[in-house]
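This report describes one protein chain from its overall make-up down to selected residues. The sequence and the model are shown below.

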Amino acid sequence: MPSFRASARTSKRAARALPRIPVPTARAIVDCGVYVHGRRLPGRFTHHDALAEVRNRGEGFVWVGLHDPDHAQMSDIAETFGLHALAVEDAVKAHQRPKLERYDDTLVLVMRTVAYVEHELHSVSEIVETGEIMVFCAPDFVVTVRHGEHSGLASVRKQLEGDPAMLMYGPGAVLHGIADYVVDNYIDVAGSVELDIDAMEEEVFTPRSQVAVESIYQLKREVVELRRAVNPLAIPLQLLGHKADLPLPKEVRRYLRDVADHHTSVAERITDFDGSLSALISAALAKVGVQQNTDMRKISAWVAIAAVPTMGAGIYGMNFEHMPELKWTYGYPAVMLVIVTICVGLFLTFRRNHWL
């Protein structure tokens, strides 16, 4: 009879041999809208019909939002909108470094998103959750691809649809709205992490508090992850705000410069967090060392006091026949008095020197 392992291998090979049923692209599309003169056209559109509508009109743009598309779904989108194969590969794989690339008239902006995870102060758990948003921006369309559950763009779309004057600037307005939303999230997360650092700092410097160095290390590691997500976006934002040859309206570039200023501010705060936590770790370790030294002094003092009666008992427990004061009536009380006197003297000495 075939073995269990052989049967399992056969089952796996059979499963791989089965053709994979492609998932429709619509499953990955969160929303698809056509915008003309700053307002969304009524009705529902597929991504093919939306682009055809815009190009037939000769005005407006399409905004397609996708969430975690697979390779087949992204290839369909790329074929419709003429996206470059390299950018499509990055959109499917995710986990890209924040960057700005240009393929002819299409700008590709990659941004890391962050979210603060509620947690107990001393729990060694995830504090900052990261995701990714990729924006393809061309004269007549915007395609946004996001990875992660916390980076929804419904609020951005709603806010922009409520501001037709801004949407009049076209796809560049959407690019600015998403970048502004991501940087605002950076600011919110940085504020929450700062509260954690303040609470940790207060606890470290509270007298007689127990310091959990592991929690500080965990917070520092999460700050490093936050910094890696936030800081690399500085160069793309500077390019978007200051490079005049990019296919963006001048007014949108002005708004993007404001976003870049906010990003610079939050990036500096996060860098300061890293330095503060390094100093906090040093202070915590120093406090632990001082506490250990204090404990060792107390132990040493009590050992020295206990050594006196131990020595007396050791001497008189040797059972020699000829020992001092064995025949003396007051020998035992005298020895006990000497032992107690020495112990009390040592206790007072150690107490005076703050060892006890």
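How much space lies in the largest pocket? The largest pocket holds about 250 Å³. This is a predicted model, in which local features need pLDDT of at least 70 and side-chain atom pairs count only at pLDDT 80 or more, while totals for chains, interfaces and linings use all residues. Residues are numbered from 1 along each chain as its sequence is written, and side-chain values use heavy atoms, with hydrogens and water left out.

**The pocket**

A pocket is found on a 1 Å grid over the protein atoms alone, as an open set of points where a 1.4 Å probe fits, with protein on both sides within 12 Å along at least five of seven lines; lining residues have an atom within 4 Å of a point. The volume is the space filled by probe spheres set on the points, which are joined across faces, edges and corners. The lining includes Thr25, Ala26, Ile29, Val30, Asp31, Cys32 and Arg40, and also Gly43, Arg44, Phe45, Thr46 and His47. Strand E1 gives the most to this lining, with 4 residues.

**The chain as a whole**

The chain contains 11 helices and 7 strands; these are DSSP runs numbered from the N terminus, helices being H or I with at least four residues and strands E with at least two. Of its 356 residues, 40% count as buried, where buried means under 20% relative accessible area, exposed over 50%, and partly exposed in between (1.4 Å probe, protein chains only). The chain exposes about 20,400 Å², of which carbon and sulfur atoms supply 57%; these areas come from the Shrake-Rupley method with a 1.4 Å probe. Among contacts (heavy atoms within 4.5 Å) with a separation of 6 or more, 69% join residues 24 or more positions apart.

**Helix H5 and Arg157**

Helix H5 spans residues 154-161, and its buried residues are Val156, Arg157 and Leu160. Seen down the helix axis, these buried residues fall within an arc of 100°, so they line one face of H5; the arc is taken from the directions from the axis to the C-beta atoms. The face turned away from the buried side carries the exposed residues Ala154, Lys158 and Gln159. The buried residues of H5 pack against strands E1 (29-36), E2 (39-40) and E3 (61-67), as well as helices H6 (164-167) and H7 (171-204).

Arg157 counts as buried because its relative accessibility is 7%. Its side chain forms a polar contact of 3.0 Å with that of Tyr35; such a contact is a pair of N or O atoms within 3.5 Å, and within protein one must be able to donate a hydrogen and the other to accept it, with residues adjacent in sequence counting only if both atoms are side-chain atoms. Leaving aside residues up to four places away in sequence, Arg157 touches Asp31, Gly33, Tyr35, Arg40, Trp63, Val64 and Gly65.

**Helix H9 and two further residues**

In H9, Pro236, Leu237, Leu240 and Gly241 are buried. Viewed down the axis of H9, its buried residues fall within an arc of 125°, so they line one face of the helix. On the other side of H9, Ile235 and His242 are exposed. His242 lies in this helix, which covers residues 234-242, whereas Asp49 lies in helix H2 (residues 47-57). The relative accessibility of His242 is 52%, and Asp49, at 44%, is partly exposed.

The table gives C-alpha separations for these two residues.

| Residue pair | Separation along the chain | C-alpha separation |
|---|---|---|
| His242 and Leu256 | 14 residues | 8.8 Å |
| Asp49 and Val34 | 15 residues | 9.6 Å |
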